[in-house]
Amino acid sequence: MVLKPEHQSFIDDQFAQLSAFDDLRPSDRLNKFPEHSLRVAQSMRSLAQKMGYDDNMCDVLYAVTMIHDIGKMDLPVEIWDFNERDENGAPLKPPESLKEHRRQHTKLGVERVKAAFPESWDKDPVLRLMCDLMLNHHEMIDGSGHFGKTDAELTREVQMLCICDAMDGWQIPHPHKTPEELAPSYILNNKMMDGRFNKTILQQFKDVILHQPKPSLSK
Ligand SMILES: [Fe+2]
Ligand SMILES: [Fe+2]
């Protein structure tokens, strides 16, 4: 699988667009999209190295992961910054309906790839991988994820990204979370070992996550 110049320029362009979209959000936003994308891509590369992927494939996985969330740009910018405190200052979680709306970004990202590469998006191996990761990165192997796909329907690379992405998302501070709940070891042991993620990959991931950059705790 070869990362061609046209892939890299698409990735660079989409990442720049994502950064510009992110700049439209409130300055006190909890999760900056470009920073999340970079951390998850680094995590994905480290996990791939640990799992024995060759250097070329590690580079491809890094590059493709950088734009796994680009479909977020095709949803209204205001849905990404729900006020997580009520009028009394008590923590408030986003409702399920809002989460469901946000999850549409998986399909919308694929539409961007199709629009840019109408002839080759479903043939070129890099583009197929890109679409696979975009579409399925919020799945759970027990079928409890966004589209209800299970283990056998999810590629190994998707299962790797599901872990890297969820770990970063769960480390982002929110009013309803305690500092202990943001620790990677807490997340691994209390949120990731319940059958929703691939346990074999998690074993490898344990060794890399402790060395990964973390979202800042201060806003
Ligand atoms: Fe996502
Ligand atoms: Fe993500």
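Reader: What covers the buried residues of H6?
Author: In this predicted model, H6 has Val126, Leu127, Leu129, Met130, Cys131, Leu133, Met134, Leu135 and Asn136 as its buried residues. The elements that cover these residues include H1, H3, H5 and H7.

Reader: How many of the 12 residues of H6 are buried, and why does H6 count as largely enclosed?
Author: A residue is buried if 20 or more other C-beta atoms lie within 10 Å of its own. H6 is largely enclosed by the rest of the structure because the number of its 12 residues that are buried is 9.

Reader: What span should the 12 residues of H6 have, and what is the distance between its end C-alpha atoms?
Author: The expected span is 1.5 Å times one less than the number of residues. For H6 this gives 16 Å, and the distance between the end C-alpha atoms agrees with it, at 16 Å.

Reader: Which residues of H3 are buried, and what covers them?
Author: The buried residues of H3 are Val60, Leu61, Tyr62, Ala63, Val64 and Thr65. The cover over them includes H1, H2, H6 and H7.

Reader: Which residues does Val64 touch, not counting those up to four places away in sequence?
Author: Val64 is one of the buried residues of H3, and H6 is among the elements that cover those residues. With residues up to four places away left out, Val64 touches Val126, Leu129, Met130 and Leu133.

Reader: Is H7 mostly covered or mostly uncovered, and how far does it reach?
Author: Of the 16 residues of H7, 13 are buried, and the helix is mostly covered. From its first C-alpha to its last, where 22 Å is expected at 1.5 Å a residue, H7 reaches a close 23 Å.

Reader: Why is H1 oblique to H2?
Author: H1 and H2 pack with their axes 8 Å apart and at an angle of about 140 degrees. Angles over 145 degrees count as roughly antiparallel and those from 65 to 115 as roughly perpendicular, so an angle between these ranges is oblique. That makes the relation of H1 to H2 oblique.

Reader: Which residues make the contact of H1 with H2, and how many are nonpolar, polar and charged?
Author: H1 brings Phe15, Leu18, Ser19 and Asp22 to the contact, and H2 brings Phe33, Pro34 and Ser37. By class, the contact of H1 with H2 has 4 nonpolar, 2 polar and 1 charged residues.

Reader: Which residues is Pro184 in contact with, leaving aside neighbours within four places in sequence?
Author: Pro184 is in helix H8, residues 184-191. Pro184 is partly exposed because 18 other C-beta atoms lie within 10 Å. Apart from neighbours within four places in sequence, the contacts of Pro184 are Met167, Gln171, Ile209 and Leu210.

Reader: Where is Lys177, and how far is its C-alpha atom from that of Pro91?
Author: Lys177 is in the loop between H7 and H8. Lys177 counts as partly exposed, because it has 14 C-beta neighbours inside 10 Å. Lys177 and Pro91 are 86 residues apart along the chain, and their C-alpha atoms are separated by 8.7 Å.

Definitions and conventions
Residues numbered from 1 in each chain as written. Chains lettered and ligands numbered in written order. Predicted model: local features only at pLDDT ≥ 70, side-chain atom pairs only at ≥ 80, totals over all residues. Contact = placed C-beta atoms within 7 Å. Helix = DSSP H or I, 4+ residues; strand = E, 2+ residues; numbered from the N terminus. Axes fitted to C-alpha atoms, helices over the stretch in contact; angles between N-to-C directions. Parallel < 35°, antiparallel > 145°, perpendicular 65-115°, else oblique. Nonpolar A, V, L, I, M, F, W, Y, C, P; charged D, E, K, R; others polar.
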